[in-house]
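Please open the model in a viewer and keep the selection panel at hand. The stops below say what to select next and what is there.

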Amino acid sequence: MPKVNVKLKVNGDPYEVAVNPSGTLVEVLREDLHLTGTKIGCQTGDCGACTVLVNGKSVCSCLTLAVEAQEKEIITIEGVGLSYDKLHPIQEAFINEGAIQCGYCTPGMVLSAKHLLDKNPNPSELQIRQALSGNLCRCTGYARIVKAIEVAGEKMKNPVKEK
Amino acid sequence: MSIPKFTYLAPKTLKEALIMRASHGSKSSIMAGGTDLLIKMGLRTLQPEFVIGLNSVPEIDYITLRPGGELAIGPMAKLSAVVEDAEVEKNFPALSEAASVTATVQIRNMGTLIGNICNASPSADNATPLMIYDTKVVIIRSDGERVVPIEEFFKGPGKSVLETGELVKEFLIPIPEKSTGSNYQKVSTRSKVDIAGICVSALLTLNNDGTVSKARIALGAVAPKPIRVVKAEKILTGKTPTKELFNDAAKIAREEASPISDMRASAEYRKAMVEVLTRRALDASLAAATKKKN
Amino acid sequence: MSAIKGKNNLIGASIPRIDSPAKVTGKALYAGDIILPGMLHGKILKSTKAHAKILNIDISRALALPGVKDVIVGKDTPCIKFGNWRLFPNTQDELPLAVDKVRYIGDEIAAVAAIDPDIAEEALSLIKVEYEELPAVFSIEDALAAGAPLIHDENKELKSNISLDRKIDVGDIESAFKTADYIREDTFVVHPHSHAYMEPCATLAETDSEGRVTIYTSTQTPYIVQCLLASTLGIPENHVRVMKPAVGGGFGGKMELRKWEFCAAFMSRRTGRPVRFVLSRQEELESGRRRHGMNLKSKVGFKKDGTLVAKDFEAYLNGGAYNSMGPTATFLCGNFGAMLYRYPIYHYRGYHVYTNLPPAGAMRGFGAPQAMFISESQMNMAAIDLGIDAIDLRIKNAMVTGDKIEGVTTISSAGFVESLEKVASETKWKEKKKNLPKNKGIGIGCYSFISGGVFNWFNTQYNFSACEVRAYDDGTAHLLTMSCDIGQGSDTVLRQILAADLGLAVNMIRLTAGDTAMTPKGDLGTWGSRVTLMNGNAILDASKKIKEQLAKMVSIKFNLNVIHDVAFGDGKVFAKANPKYGMTFGEAVTLWVKANRGEELIARGVYTPRDKGLTTPAYSFGAQVAEVDVDPDTGVVTVEKITTAHDCGTVINPLGVEGQLEGAIQMGIGYTLSEQFAMKNGKTLNTTFLDYKVPSAEDMPQIVSYKVDTYEKEGPFGAKEAGEGLAIPTAPAISDAVFQATGYRCKDLPITPEKILRSKGKI
């Protein structure tokens with residue numbers, strides 16, 4: 001089966017890749033674009049490790065065909081914070097609140113959190129937990145992740161100027 | 001677990017999709033959100049040579065109120081859109097609830113309501129609410145359209161009345177009468193976001209005197225396909241709701257269920273839950289209907 | 001150590017994890033993220049039969065497929081058996097690939113390396129295996145029945161499917177029970193449980209021009225992988241370099257040499273190209289290691305006043321097709337059966353049984369969750385029968401500092417009673433229990449866990465734990481260790497320990513961890529809660545040597561007594577009495593280097609628990625109270641609140657310990673309520689996270705925790721085990737709460753809505 005050329009816009013950057021029609025977005029991100037921050041945890045859409053934003057919505061990149069992601073705005077974990085010095089408030093909160101252990105679920109968690117907070121800057125604890133229902137974590141018991149998202153939400157509402 | 005290779009086809013209209021479908025027949029699969037299809041392909045339970053993606057068809061992602069009081073839902077309307085739609089929440093709360101507990105946030109952002117139904121899984125969360133609201137399935141093929149009531153749509157596990165040359169064009173759901181209450185109930189091992197162990201939807205419309213003018217009960221995951229419990233609906237109709245009446249209806253529902261035992265639950269448990277959930281769904285429907293009537 | 005105590009603020013500091021910026025930006029590299037030029041993709045063909053002879057394997061069609069670079073079967077390998085229990089070579093029962101026989105569905109038969117994963121997968125489908133099926137056994141009962149097929153008939157010393165047993169005999173059990181006023185005997189069944197670490201295993205191997213192998217692999221024990229990989233390849237250990245990248249959780253599931261590690265290394269030697277294996281979740285769940293299912297029997301006797309008199313405990317472990325870490329689980333199950341309470345007389349019989357199931361291995365708690373589920377449940381049942389409150393009964397019998405189990409262990413510190421008292425007061429235990437609303441329950445479970453093992457089953461010639469510290473003239477230090485951070489946070493804690501001791505800031509410590517070519521030999525890795533205590537002690541040993549050298553420089557310069565007068569802190573080395581007399585750490589190193597002909601200041605530190613009994617140098621303790629709501633009609637259990645008080649000695653990093661506790665509760669809730677394997681004729685049916693139900697964020701209760709203040713003299717700065725043991729108490733606590741709510745007492749995990757309703761006659 002011949003490969004097809006696909007134009008992707010990832011984290012604002014244009015890419016053109018020849019992909020198998022059966023190639024999933026996560027495969028192309030990781031193997032072709034070397035954006036390995038997006039993880040593969042299950043390939044059945046149950047764990048959320050591969051979560052990315054497509055046109056602002058969180059999706060499982062393991063169940064998204066690369067050919068169907070054409071012309072859309074894709075944000076991966078690499079596009080959330082610009083550098084170690086310029087982290088997104090969600091990333092800062094994940095670090096400071098101890099929301100990270102093995103870190104394998106973290107990129108997906110951060111993108112699910114971003115999807116939530118971009119839509120709803122004042123989520124209740126229950127809304128946060130519901131928003132994380134598609135992201136499994138085996139290390140943290142979620143408590144600190146939930147807390148980090150609360151803290152990040154506050155900070156995103158009231159951004160403090162850099163010292 | 002990579003996805004087996006296929007040729008991807010991108011029709012520009014539903015008509016074009018139908019032509020592709022007609023020429024490739026059973027070697028092809030229609031893909032809407034892809035969340036179910038790609039898993040099946042990854043697990044090698046389905047290996048189409050051609051995938052016809054509806055993603056490229058414009059203007060079929062809609063949820064809209066049609067003149068005449070019907071809600072129309074298009075084939076690319078995502079489950080998250082169903083959850084967020086104010087008309088759905090107002091008029092079809094059982095559907096709103098079912099859609100909100102279908103899979104996860106990400107899957108709801110990708111998967112479509114119609115796709116969820118076309119898979120004809122016995123446990124599809126959204127089938128039972130669509131059944132209690134008398135949803136009409138509009139099916140198109142190259143030479144025309146036909147309309148099928150949703151309870152006739154399912155044939156068995158993974159099987160529907162859709163023929164190879166056909167597609168679901170949209171769902172039409174009539175807005176219920178004012179004094180109607182409806183409810184969706186589900187039980188499963190892990191919180192709400194879980195494949196439905198067992199689910200029940202109910203609907204009651206009340207007359208001015210408080211008697212039931214219309215009743216609907218639908219069960220999921222307890223038979224080879226989602227089913228209506230017409231027998232129980234009949235004993236409710238025309239009567240004044242009482243605890244005993246609901247208990248009787250729930251018992252009938254239990255008897256009508258013919259579940260299997262599998263790794264998700266045993267048949268006995270499923271039958272028992274049908275009774276519990278039917279009673280709860282009727283109670284909640286009555287409360288909602290009474291509130292609306294007054 | 002008194003020179004340090006109280007003088008720095010790093011011990012007990014909630015420092016965010018050192019590795020979190022890399023992880024939160026997606027920059028941390030896991031084994032499956034690493035891509036090397038020319039890399040091939042490997043896949044493994046696994047048995048579809050539970051028990052069968054291999055008559056023939058035809059790989060010709062696979063080899064002929066364009067893009068396939070190598071196909072191997074068992075006979076292509078040196079056929080050297082391996083296993084973690086090197087001390088008893090007879091227990092080493094696995095081959096890198098099956099040769100004559102397969103013993104479970106998932107047993108590895110052949111491997112393929114190809115230019116892309118799709119071709120590799122296609123090649124697998126072209127390999128034809130001819131089997132002659134043998135009768136298979138899956139349950140302990142069937143495996144031990146007369147005439148059962150011998151799963152390891154090649155081992156002529158085995159007369160049955162029992163691969164190993166263990167006995168503990170403390171005192172005369174028969175006469176002890178005669179003195180009891182109350183005896184209860186219970187039979188329990190506990191189920192297997194998946195680690196379900198989020199990162200499926202991955203390995204990348206490359207070979208240099210001299211045939212030396214480097215592998216990047218998702219492991220918690222690089223040294224064990226190095227040794228066993230070298231022996232199975234038939235090359236010197238020093239020709240194998242194991243590098244541990246970021247690891248996405250282990251929980252005991254990544255502490256052996258695994259078949260794909262061998263195949264990656266072996267095929268990279270054959271092809272001269274890097275070979276990478278990345279497992280799928282389906283493979284992990286279908287045939288990955290799991291916690292042992294067990295059949296347990298326990299007889300326990302009390303005096304009328306609740307004083308324990310004796311316990312007779314028997315465990316049959318369903319080990320699956322190979323020993324794996326089962327022997328350790330068999331030993332530890334017996335040790336943990338003796339824990340928590342003062343059983344004056346204790347007998348244990350443990351049997352590790354081969355079956356044709358996927359092998360069970362080490363998993364968080366390592367024999368303790370099973371042993372303590374039955375013993376804690378028995379305490380709760382006995383409390384009711386004796387008319388004594390369950391917490392009072394525990395306090396009456398609780399182990400305290402200085403207690404001994406003859407020939408097994410000594411308790412060097414215990415904050416168990418304090419933990420019990422704390423959860424009782426904080427939850428208003430007695431009051432709440434008396435006034436339980438309908439369908440609500442409150443229950444208790446307790447635990448104790450080891451801080452690393454003493455028994456040398458790996459038969460290492462080296463110290464159990466080791467490190468190297470290098471001090472530099474720029475005021476920094478470099479810590480090299482084979483201890484592995486697999487998510488639990490040791491990279492942060494170990495740097496905290498060294499920084500605290502040297503008086504440096506944490507970011508002045510560079511860390512190299514888990515690289516067998518760079519880090520000192522002789523650290524057995526991360527398991528059994530050993531890292532903080534054992535590697536922490538090794539670090540303090542090295543640090544002491546560095547400090548002695550630097551103190552010399554400063555004492556000479558300022559005329560100080562080197563033993564009494566020199567202190568380290570704030571990046572300086574100075575006179576305790578007058579910090580003015582001193583210099584920066586870097587200046588002190590410069591002086592030392594000048595005084596030593598330009599040598600580098602390097603010190604090695606080691607720790608081996610000698611004369612610490614048979615089990616461990618130190619134990620953690622804790623008590624946990626669960627509060628639940630049970631839907632009387634559906635049987636669905638909702639855990640509403642978990643309150644824990646625990647004793648883990650000095651807490652080095654509270655943020656890390658609390659995170660471990662919360663994660664342990666999640667794993668415990670899954671174990672108790674939602675996670676189980678659906679098996680049919682040896683095949684695992686639920687191979688996705690849709691059906692293997694790991695608790696989600698919505699399933700988690702309110703979590704409250706208290707730390708009981710203790711100091712463990714065997715541990716660095718008084719620290720001991722934290723985190724692993726916390727996976728133990730949740731099951732008995734929830735089970736007890738469910739009993740209070742419903743009257744259903746679970747003796748057969750997991751607790752399901754169906755079991756609850758059946759017990760009530762509702763279905």
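**A sheet in chain B**

Start by selecting B:Tyr8, whose bridge partner is B:Val51 in strand 3 of chain B. This is a predicted model, in which local features need pLDDT of at least 70, side-chain atom pairs count only at pLDDT 80 or more, and totals for chains, interfaces and linings use all residues. Residues are numbered from 1 along each chain as its sequence is written, chains are lettered from A and ligands numbered from 1 in the order in which they are written, and side-chain values use heavy atoms, with hydrogens and water left out.

Now show strand 1 and strand 3 (residues 50–53) of chain B, which pair in the parallel sense over 3 bridges. Strands pair if DSSP finds at least two bridges between them; helices (H or I, at least four residues) and strands (E, at least two) are DSSP runs, numbered from the N terminus. The open sheet here has 3 strands in the order 1-3-2, with parallel pairing. Strand 1 (7–9) and strand 2 (28–31) of chain B are at the edges with a single partner strand each, so one side of each has no neighbour in the sheet.

**Two domains of chain A**

Colour domain 1 (4–79) and domain 2 (89–157) of chain A separately; the bounds come from an automatic or database domain assignment. Their centres, taken over C-alpha atoms, are 21 Å apart. The contact (heavy atoms within 4.5 Å) takes 17 residues from domain 1 and 12 residues from domain 2.

**From chain C to chain A**

Select C:Lys23 in helix 1 (residues 20–24) of chain C. Is C:Lys23 buried or exposed? C:Lys23 is buried, with a relative accessible area of 5% (buried means under 20%, exposed over 50%, partly exposed in between, with a 1.4 Å probe and protein chains only). A polar atom of the C:Lys23 side chain lies 2.8 Å from the backbone oxygen of A:Gln101. Not counting residues up to four places away in sequence, C:Lys23 touches several residues, including A:Thr106, A:Pro107 and C:Tyr30.

**Backbone stops**

Go to A:Tyr142, in the loop between helix 4 (125–131) and helix 5 (143–157) of chain A. A:Tyr142 has a positive phi of about 70° although it is not a glycine, and its relative accessibility is 0%, which counts as buried.

Next, find C:Ala196 between strand 8 (182–190) and strand 9 (202–207) of chain C, in the loop. C:Ala196, not a glycine, has a positive phi of about 50°, and is buried at 3% relative accessible area.

Finish at C:Pro750, in the loop between helix 18 (730–742) and helix 19 (753–759) of chain C. A cis peptide bond joins C:Leu749 to C:Pro750, with omega about -5°.

Key
A polar contact is a pair of N or O atoms within 3.5 Å; within protein, one must be able to donate a hydrogen and the other to accept it, and residues adjacent in sequence count only if both atoms are side-chain atoms.
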